[in-house]
Amino acid sequence: MKLKLNVEQFDKGLAELSKTYKIYAPKSFEKRGTYSDTDVIKYDIVEKFEDMELERKSNFSAKETFLPINQVLFYFTEDEYRETSIDEKNILVFLRACDLNGVKRVDQIYLGNGEEDYFYKRLRDKVKFVVIGCPKSFRNCFCVSMDSNKADNYDAGMNVRGNEIYLDLVDDSLKIFEGEETEFEVDYVRENNFMVDVPKEVDFEKMANHDMWREYDTRCIGCGRCNFVCPTCTCFSMQDIFYKENIKVGERRRVHASCQVDGYTNIAGGHSFRERHGQRMRFKTMHKIHDFKERFGYNMCVGCGRCDDACPQYISFSKAIDKVSQVMREED
Amino acid sequence: MKNNYIPVASEILDIIKHTKSEWTFRTKTNTEGVKPGQFYEISLPKRGESPISVSGIGENYIDFTIRNVGKVTGILFDHKVGDKLFIRGPYGNGFDINNYKGRDLVVVAGGSAIAPVRGIIQHVYNNPQDFKSFKLIVGFKSPDDILFANDLQMWSEKLDIVVTVDDAPEGYQGNVGLVTKYIPELKFEDLSEVSAVVVGPPMMMKFAVAEFLKLDIAEKDVWVSYERNMHCGLGKCGHCKMDSTYICLDGPVFSYDFAKTLQD
């Protein structure tokens, strides 16, 4: 069902959906950005069209809505673990094509790598996605190169033209909007500002100890921002905390982790692996454009470019991919 | 749907104190299908979880041999017989005894790495007829660090065992030297029928494997077990990943022809 709506009609539909859904979309938080006088755009609950930031790229990805940064799994006493309950409401997420392609990658790890993850599945089953059409490429985006500029597997699609909103409603539970029937295709980016030379095959042996990673030994500061903003990074660490008021009671949580940050590979007895930041950059790069593909048949990176946006050292991940391709072309 | 993160309470049936900081905790558990080399996530409220290898499999109990080195294991050493700890598992592929049956089997273990291979040794001890020959070479830092001394004594009555220590005070009667010293001395009739299992600290494994390869034993017949940060044990958290391999799911046991390709 494809409809043309005005903002009032759209907001009325959102209000109706709010009864059964928590609705998440990119939202701008004024002057809450990393640098002075900058905004941060991140996912939060929205009630109306005006709440949504649809002009600019969000700094953080949509994955936080169904894979919380900090998720409590259990409450415990000294002799009992009790599973947390889950909000009865479903979740509706407005996101872009790259991010919906990212969801496929996160699903792959949590549902298709070994057993299904109980806590992920529990939340994921409640989520529906609305793809926000991208009429133009943002800075640092390279989704076309990663073949993730288009997503058809949405529950709804949306284009915005000034005060007119076009909705392609696929999932029945979302067909509560009133509007004028129309025909349209959800916008998608056909060309980015630059193309990335993504290697078709990577010779891991050749890349493992290549000099190209040495550059990152000094440039990268291991802050992990590139991981935390990525729609496809899935790693987490488990944490136990206990309450100050009653130290016999506490929570077991999982929190997002970063392969770039110190301590990620620590094992008992004081050993750790990949001490140099260049080795960590190699690990991340290979994961995004080689390892994941070797295991599951497609690349992990979706080319949203947020890692490039977020790096305080101006390290470009897209350039790193280009460099890998260049190394692959070099004669031995 | 099964909650694969929920730890289950397991009663401590016995605590065997090998050294000041290395104890075996015998815990009441269903042991169906558990293999040596597999691991459990030992879980203690307020402290977290830690992956620990199975060091013994009995009727309705599993042994975990643990060194007191971390925040989880530290608190465990305050536990007594009858207390409960929490576990979930087993995880990982473990050692498949069928790979070694009918062959010359050499097991080399360093320090607490005797834990993951103890089940193999127990199997050989109980079924020596399944193997063409067997040799265990096990090394510890010093005589005070020797684990499973009673087991070693018992096994040595039936099996060919070398116990060595890296360093010992003057007058020590036993073997002194690294485990690698004893590998070149091994003699086999047919190298294609030899399997080697090597488990221990990274450096020990590297050099022990090299000694076996020098003997011309095929890489596919040398088996190693990798220790990594197996945080969730379920292939999700990513900490143990090397290349496209998740150590918790695909390992921790690998044949060396594959393991040599893994890059940290």
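Me: What percentage of the 264 residues of chain B count as buried?
Reply: Happy to start there, with the reminder that this is a predicted model. A residue is called buried when its relative accessible area is under 20%. Among the 264 residues of chain B, the share that counts as buried is 58%.

Me: Thanks! What radius of gyration does chain B have, beside that of a compact globule with 264 residues?
Reply: Along the principal axes, the C-alpha atoms of chain B fill a box of roughly 50 × 45 × 35 Å. A compact globule with 264 residues would have a radius of gyration near 18 Å, so chain B agrees with that, having 18 Å.

Me: How many helices and strands does chain B have?
Reply: Let me put the contacts beside the count. In chain B, residues 24 or more positions apart make up 67% of the contacts with a separation of 6 or more. As for the elements themselves, chain B has six helices and 15 strands.

Me: Is E59(B) buried or exposed?
Reply: E59(B) sits in the loop between β4 (48-58) and β5 (61-67) of chain B. T29(B) lies 30 residues from E59(B) in sequence, with 8.8 Å between their C-alpha atoms. The cut-off for exposed is over 50% relative accessible area. Because E59(B) has a relative accessible area of 74%, E59(B) is exposed.

Me: Now the interface: which three residues supply 20% of the area that chain B buries against chain A?
Reply: In terms of contacts, 38 residues of chain B touch 49 residues of chain A. The two chains bury about 3800 Å² between them, with 56% of that on carbon and sulfur atoms. The trio that supplies 20% of chain B's buried area against chain A, more than any other three residues, is Y5(B), K46(B) and K236(B).

Me: Which residue of chain A meets the side chain of K46(B) in a salt bridge?
Reply: Between chain B and chain A the count is five salt bridges. In one of them, K46(B) has an N to O distance of 3.6 Å, and the cut-off is 4 Å. The partner of K46(B) is E78(A).

Me: How many charged residues are on the side of chain B that touches chain A?
Reply: Polar contacts link 32 residue pairs across this interface, both residues at pLDDT 80 or more. On chain B's side, the elements giving two or more residues are β3 (39-44), β4, β6 (84-91), β14 (245-246) and α5 (247-250). By class, that side has 13 nonpolar residues and 13 polar ones, and its charged residues number twelve.

Note on methods:
Residues are numbered from 1 along each chain as its sequence is written. Chains are lettered from A and ligands numbered from 1 in the order in which they are written. This is a predicted model: local features need pLDDT of at least 70, side-chain atom pairs count only at pLDDT 80 or more; totals for chains, interfaces and linings use all residues. Side-chain values use heavy atoms; hydrogens and water are left out. Helices (H or I, at least four residues) and strands (E, at least two) are DSSP runs, numbered from the N terminus. Buried means under 20% relative accessible area, exposed over 50%, partly exposed in between (1.4 Å probe, protein chains only). Contact means heavy atoms within 4.5 Å. Buried area is the accessible area (1.4 Å probe) that two parts lose on being put together, summed over both. A polar contact is a pair of N or O atoms within 3.5 Å; within protein, one must be able to donate a hydrogen and the other to accept it, and residues adjacent in sequence count only if both atoms are side-chain atoms. Ala, Val, Leu, Ile, Met, Phe, Trp, Tyr, Cys and Pro count as nonpolar, Asp, Glu, Lys and Arg as charged, and the others, Gly among them, as polar. The radius of gyration is taken over C-alpha atoms; the globule rule is 2.2 Å times the number of residues to the power 0.38.
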